[in-house]
Every structure is written in structure tokens, then in C-alpha cells.
Amino acid sequence: MRMLITAGATREMLDPVRFISNLSTGRMGYMLAEVARKRKHKVVLISAPTSLTAPAEVEFISVISTQQMLSAVKRCFSKADCLIMCAAVADYRPYTVVKEKIRRAKKSLLLRLIQTPDILAQISREKAGKILVGFSLEDKDYIKRSREKLKRKGLDFIVVNRIQKGGSPFGESKVYGAILDKEGDIERFKGIGKEDLAQRILNKVEALWARRSEKEGGDK
Ligand code: CTP
């Protein structure tokens with residue numbers, strides 16, 4: 001398969017030296033790219049900044065902002081069979097980017113933010129027969145909320161990471177959550193490693209692709 005995978009935390013500049021971002025390390029997306037490559041898929045990895053090294057034999061595209069990630073995904077999507085949107089995309093960006101460094105002059109500073117484009121929601125309009133996989137990070141009502149997200153973004157399945165009490169899964173070696181698909185199936189995972197999760201995600205992508213290819217063959 002031709003797999004398009006995104007990873008990392010997008011950055012939204014506030015002034016020339018500051019940005020808004022999140023704690024994602026990018027490890028899950030890089031792991032997916034590595035495992036997919038080992039399974040002989042053709043992999044394009046679009047990555048926001050991380051401290052990781054790109055896996056071997058993977059086409060690597062480096063981006064910084066959500067807008068840049070959107071452009072890169074749009075450019076590559078037509079040549080892909082599936083998109084795994086693992087990047088932790090910043091949901092908001094500063095309304096204006098200040099041209100010069102903001103000085104420590106005022107006692108308080110009010111930041112006005114505006115929503116970034118929703119990459120998955122936009123790309124799912126051009127979905128055709130491709131497979132779309134999203135991620136979700138939730139605390140309470142994680143199944144209900146993720147199901148809504150799956151529907152809203154037009155996904156085939158969604159990988160839900162549960163925020164454990166008082167923590168976040170970013171940087172953790174063990175992950176907890178579930179994979180929900182649009183048929184309503186749930187596959188829970190509890191305290192597994194990221195490589196194990198990557199294998200499970202790719203098993204599901206490959207199985208879905210095989211079913212689609214079979215159906216297409218049968219329809220002809
Ligand atoms: N995502 C995206 N574009 C954005 C934000 C998120 O494509 N601007 C993708 C992420 O890569 C992820 C999925 O959408 O695969 C879920 O993102 P999340 O931020 O959890 O969902 P939201 O719809 O922003 O909902 P929430 O209010 O829970 O943040």
C-alpha cells in the first residue's frame with residue numbers, strides 16, 4: 001500500500017521567536033512509519049518538529065505549522081491509499097503573528113486565538129476509496145466523544161488514547177485506549193507499547209484494504 005502518515009506537534013508562531021504547540025513527541029507516528037516500511041509498504045511521513053530521526057527508506061517531508069501540514073497532506077493525498085493522521089495538530093493559532101519580538105513590557109498580555117483548518121475534515125471530502133485513520137486524545141466519555149469525532153471527520157477508524165489520571169500519554173511508553181471503527185466495533189488496548197499499537201493499527205488498515213480490493217474485484 002501507499003501510506004501517508006503524519007506525526008509530531010505542529011507549531012503556531014506568536015512572534016519571530018515564540019510559538020504555541022503541545023507535548024506530542026511524534027514517537028507513535030514515527031513508529032507507524034517504521035513498522036509500515038518493514039511490512040514493505042511505500043511510506044511518506046509528513047512530520048511537524050520532533051527530536052526524532054526519520055526512519056530509513058521513508059519519504060520524509062518536514063513541516064512546521066498546521067497550514068503547512070495541510071498543504072503537504074493535500075499534495076500527497078492523491079497518490080496515497082491511506083492517510084494515518086497521527087500528528088498532534090494545534091487546534092488554534094494566534095490571530096495575528098507579531099512581526100517583532102514581543103517585549104516584557106506589560107504586566108499582562110491577552111492572546112487572541114483562531115481555529116486552524118481541520119486537516120482530516122477537509123481531506124475526507126476527497127476521500128474516494130482511500131482509508132482514513134484519525135487519532136483522538138480523551139479523558140471522560142472517551143468512546144462517545146471519539147465516535148462523534150469519527151463521524152464528523154469521515155474516518156474509517158479512530159485510535160483513542162485515554163488520558164490517565166493526572167497525566168498525558170505524550171512521552172509515555174505504555175498506552176491505554178481503544179480502536180473504534182465506523183461499523184461500531186471496539187478493540188480495547190491496555191498498557192501496551194507503541195510498537196504493539198502500530199502493529200494493531202496496520203493489521204486493521206491492511207485487512208480493510210484487502211476487503212475493499214476483494215469487493216472491487218467482485219464488482220467488476
Ligand atoms: N486533526 C486535524 N486537523 C486539526 C486538528 C486535528 O486533522 N486542525 C486530526 C488529528 O491529527 C487527529 C484528529 O484530527 O487525528 C483528532 O484531533 P483532536 O484535536 O483530538 O480533535 P478535535 O476535532 O480537535 O476535537 P477536540 O475538541 O477533542 O480537540
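Mentor: Contact means heavy atoms within 4.5 Å. Please keep in mind that this is a predicted model.

Trainee: With which residues is Glu195 in contact, leaving aside its neighbours within four places in sequence?

Mentor: Glu195 is in contact with Met31 and Val35 once those neighbours are set aside. Glu195 itself belongs to helix H5, which spans residues 194-219.

Trainee: Is Glu195 buried, partly exposed or exposed?

Mentor: Buried means under 20% relative accessible area and exposed means over 50%, with partly exposed in between. Glu195 has 40% relative accessibility, so it counts as partly exposed.

Trainee: How many aromatic pairs does the structure hold?

Mentor: There is one aromatic pair. Tyr30 and Phe60 form it, with 6.3 Å from centre to centre and 65° between the planes. Planes over 60 degrees apart count as edge-to-face, and the pair of Tyr30 and Phe60 is edge-to-face.

Trainee: Which parts of the chain does this pair tie together?

Mentor: Tyr30 lies in helix H1 (residues 27-38) and Phe60 in strand S5 (residues 59-62), so the pair ties together parts that are 30 residues apart in sequence. Tyr30 is buried, at 5% relative accessible area, whereas Phe60 is partly exposed at 36%.

Trainee: Which charged residues lie over the rings of Phe77 and Phe157?

Mentor: The charged end of Lys130 sits over the ring of Phe77, at 5.2 Å from its centre. Over the face of Phe157 lies Lys204, 5.8 Å from the ring centre.

Trainee: How should I read the nonpolar cores?

Mentor: In soluble globular proteins, nonpolar side chains tend to be buried together. Here, the largest nonpolar core has 31 residues, of which Leu32, Ile84, Leu197, Ile201 and Val205 touch the most other members. Leaving aside neighbours within four places in sequence, Val205 is in contact with Met1, Met3, Cys82, Ile84, Ile131, Val133 and Phe157. A second, separate core holds 28 residues, including Ile119, Leu120, Ile143 and Leu150.

Trainee: How many residues surround the ligand, and which are the closest?

Mentor: The ligand is surrounded by 15 residues, and the closest are Met85, Ala87, Phe135, Arg152 and Lys153.

Trainee: Is Lys149 buried or exposed?

Mentor: Lys149 counts as buried because its relative accessibility is 18%. This lysine is found in helix H4 (residues 142-152). Not counting residues up to four places away in sequence, Lys149 touches Ser136, Leu137, Glu138, Leu155 and Ile158.

Trainee: Where do Glu57 and Asp141 lie, and what is the phi of each?

Mentor: Glu57 lies in the loop between strand S4 (42-47) and S5. Its phi is near 60°, a positive value in a residue other than glycine. Asp141 lies in the loop between strand S9 (131-138) and H4, and its phi, near 50°, is likewise positive in a non-glycine residue. Glu57 is exposed at 62% relative accessibility, while Asp141 is partly exposed at 46%.

Note on methods
Residues are numbered from 1 along each chain as its sequence is written. This is a predicted model: local features need pLDDT of at least 70, side-chain atom pairs count only at pLDDT 80 or more; totals for chains, interfaces and linings use all residues. Side-chain values use heavy atoms; hydrogens and water are left out. Helices (H or I, at least four residues) and strands (E, at least two) are DSSP runs, numbered from the N terminus. Buried means under 20% relative accessible area, exposed over 50%, partly exposed in between (1.4 Å probe, protein chains only). Rings of Phe, Tyr and Trp (its six-membered ring) pair if their centres lie within 6.5 Å; planes under 30 degrees apart count as stacked, over 60 as edge-to-face and the rest as tilted. A charge sits over a ring if NZ of Lys or CZ of Arg is within 6 Å of the ring centre and within 35 degrees of the ring normal. A nonpolar core is a set of buried Ala, Val, Leu, Ile, Met, Phe, Trp, Tyr and Cys residues joined through side-chain atoms within 4.5 Å. A residue is near a molecule or strand if one of its heavy atoms lies within 4 Å of it.
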